[in-house]
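Please open the model in a viewer and keep the selection panel at hand. The stops below proceed from one selection to the next.

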Amino acid sequence: MATLKDRQINAIKQMLNLNQPLQKAISAEPVWKLLIYDRTGQDIISPLISIRELREMGVTLHIQLHSDRDSIPDVPAIYFCAATEENLGRIAQDFQSGLYDVYHLNFISPISRQKLEDLAAAALQAGCVANIHKVYDQYLNFITLEDDMFVLKHQNSDALSYYAINRANTQDFEMEGIMDSIVDSLFAVFVTLGTVPIIRCPKNTAAEMVARKLEKKLRENLWDARNNLFHMDATQTGAFSFQRPLLVLLDRNVDMATPLHHTWTYQALAHDVLELALNRVIVEEDPAAEQQHLASGAKPKLKACDLDSRDRFWCTHKGSPFPTVAEAIQEELEQYRSSEEEIKKLKTTMGIEGESDDAFSMVNDNTAKLTSAVNSLPQLLEKKRLIDMHTKIATSILNYIKARRLDSFFELEEKIMSKQALDRALVELLKDPEFGLPEDKMRLFIIYYICSNVADAEFKRLEETLKECGCDLTPLPYIQRWKSIMKSTLANTNQYEGSGTKTVSMFSKLVSQGSSFVMEGVKNLVVKRHNLPVTKITEQLMECRSGGSEVDDYLYLDPKLLKGADVVPKNRAPFQDAIVFVVGGGNYIEYQNLVDFIKSKQSANSIRRIIYGASTLTNAKQFLKQLSLLGEEIGGA
């Protein structure tokens, strides 16, 4: 079954193959070509296709559209960019300068009739109409980061952020623009998947605006006989051939605690403290020497690490709690060392003296061993590279955990969210100068305020304490307003029931002196399996249970039906596939929670899948900044 990521890769490869279907046998040499992309195009391609794969497909040079480029005759140039005024102006300039002999223009999302006419006029004026071989609309305006995860924007992602959608003085036309941009990208996702979903979303939210617009766009396309993008021919059946998927459109306001929550799994920690972006993180070359750099003022050497599906260790452990990851790296290292030892032993035993039969058979034996050792060297070296890389990343994360006491924050927040009693009063914790950064304390307090009934007097007291700790209090007015609006939904349910942690003793392997990770003082927390609000809503909608649940009044939109048929059908079979999309920013904590949830639902006769998408990916620091901006608006109003 092709995943969203596979389908997007295939679409891009077909584009790089000059929009010819890909041949299975790659016997002939590829056609050599250039790839010219804008920032958006680069963001889409870079997490999916490595430079080596581009070379294999015949792309000899890949360059930014807005860089100074020399004329290269006799080679087709593939353009992959958004149809913006600025980009089209630059393409017209290329026509004028006669940079290339053959142009293949691919627009990331469809180009409007007006812009196409302007482009044609520019080509006529430059006298290069014959050189333009193809103009294609590609429906690829989204960034796939995992098999089952996508975001809409990375560059200029502020345009679709929580702040942009919720700020007080957004003009109607600006809001329309944001919604249209989200709808265009979601439409591209479904064209790539080849299916028309059934849409559910909460009423009176930004998610409803997106849902209505998306339904209209899908319906118009389905009824357009000439340009229907969902008429699959028999060879290309959609990703979900028999059953239609469910699209759950949610608003970030459904759950404001999770985006601020401290986390404990590998991928989410990398995003929170190392700013993982487009599957790449930048760490110090030698994280252990970090303190010396700080003391001497020297700039540390930085190294970019790619974390993608080709990395087996990352695939296995990105959702694991941090101590488990540290233990696994340690185990991998020991395995590697034993393989290395074996090769070294071979070297010493090869110098055998004496001409006896015994020695002869040993040489034969060792020759076979040596041959296999030489053959396995590339894999060993690759393994060593990955172990070194993960050691660097994990050591960097560990430094942050220790310096900011992230394990304690995580444990406390889990307790607050599951409404358990705290061991120490919150005021005491906030006053402790050793306890995390002001930003960490602010995150803890907002989660406490969202999840508990805080009396005014207590709020004032805690606010004073936060001020003394040097916290930026600007997010508070907005969070207070948000809570008063959401009161009805927050009061009656415990959104986070079942969460919590228990501490087990640290793995003996990591406490031993031989470990490269000094885990002293870090708690080995085991997380209880529980569903976050987004996952709970998704479960109820996938199961189609009606009666008494919070999703009963969610809209039901089916683009395949004629207007006015927005009634939830009775006795519908549960959905096997869902796409969960959060308008206003998502995070790796929710993604991991959905992955864990769907794993627990698999059975022998039904495979169920969930894809998680969000307008942008924000970590807690970025989200807090957006809340500050919203708070300032209220404070300054």
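How many bridges join strand β15 (residues 577-583) to strand β16 (residues 609-614)? Six bridges join these two strands, which run parallel. Strands here are DSSP runs of E of at least two residues, helices are DSSP runs of H or I of at least four, and both are numbered from the N terminus. Two strands pair if DSSP finds at least two bridges between them.

This is a predicted model, in which local features need pLDDT of at least 70 and side-chain atom pairs count only at pLDDT 80 or more, while totals for chains, interfaces and linings use all residues. Residues are numbered from 1 along each chain as its sequence is written, and side-chain values use heavy atoms, with hydrogens and water left out.

**The whole chain**

Of its 637 residues, 51% count as buried, where buried means under 20% relative accessible area, exposed means over 50%, and partly exposed lies in between (1.4 Å probe, protein chains only). Among contacts (heavy atoms within 4.5 Å) between residues at least 6 apart in sequence, 80% join residues at least 24 apart.

**The seven-stranded sheet**

Return to β15 and select the sheet around it. Seven strands form an open sheet in the order β6-β7-β16-β15-β9-β8-β14, with mixed pairing. At the edges stand β6 (143-146) and β14 (555-557), each with a single partner strand, so one side of each has no neighbour in the sheet. Neighbouring strands of this sheet are turned by 20° against each other on average, direction ignored.

Next, select the two partners of Val580. In β16, its bridge partner is Tyr612, while Val248 stands opposite Val580 on the other pairing. That pairing joins β9 to β15 by six bridges, and the strands run parallel.

Now show the side chains of β15. In a regular strand the side chains alternate between the two faces of the sheet. Here Asp577, Ile579, Phe581 and Val583 point one way, and Ala578, Val580 and Val582 point the other way. Seven of the seven residues of β15 are buried, so the strand is largely enclosed by the rest of the structure.

Glu543 is the next selection, in helix α20 (residues 533-543). At 19% relative accessibility, Glu543 counts as buried. Leaving aside its neighbours within four places in sequence, Glu543 is in contact with Pro574 and Arg608.

**The five-stranded sheet**

Five strands form an open sheet in the order β2-β1-β3-β4-β5, and the pairing is parallel. Strands β2 (59-64) and β5 (132-137) stand at the edges, each with a single partner strand, so one side of each is left without a neighbour in the sheet. The twist averages 15° from one strand to the next.

Select β3 (residues 76-81) and β4 (residues 102-107), which pair in the parallel sense over six bridges. Tyr79 stands opposite Leu105 in β4. Helix α1 (residues 4-16) packs on the sheet, touching β1 (33-37), β2, β3 and β4, and its direction makes about 145° with that of β3. Axes are lines fitted to C-alpha atoms, for helices over the stretch in contact, and angles run from 0 to 180 degrees between N-to-C directions.

Tyr79 also belongs to one aromatic cluster with Phe95, Tyr100 and Tyr103.

**Aromatic pairs and a helix pair**

Colour the aromatic rings. The structure holds 18 aromatic pairs; rings of Phe, Tyr and Trp (its six-membered ring) pair if their centres lie within 6.5 Å, and planes under 30 degrees apart count as stacked, over 60 as edge-to-face and the rest as tilted. The rings of Phe187 and Phe230 have centres 6.1 Å apart and planes at 80°, so this pair is edge-to-face. Phe187 lies in helix α7 (residues 172-193) and Phe230 in the loop between α8 (206-222) and β9 (246-251), so the pair ties together parts that are 43 residues apart in sequence. Both Phe187 and Phe230 are buried. The rings of Phe445 and Tyr449 have centres 6.4 Å apart and planes at 20°, so this pair is stacked.

Finally, select helices α14 (residues 406-417) and α16. Their axes come within 9 Å and cross at roughly 10°. The two helices are therefore roughly parallel to each other, a term for angles under 35 degrees.

Terms used: Angles under 35 degrees count as roughly parallel, over 145 as roughly antiparallel, 65 to 115 as roughly perpendicular and the rest as oblique.
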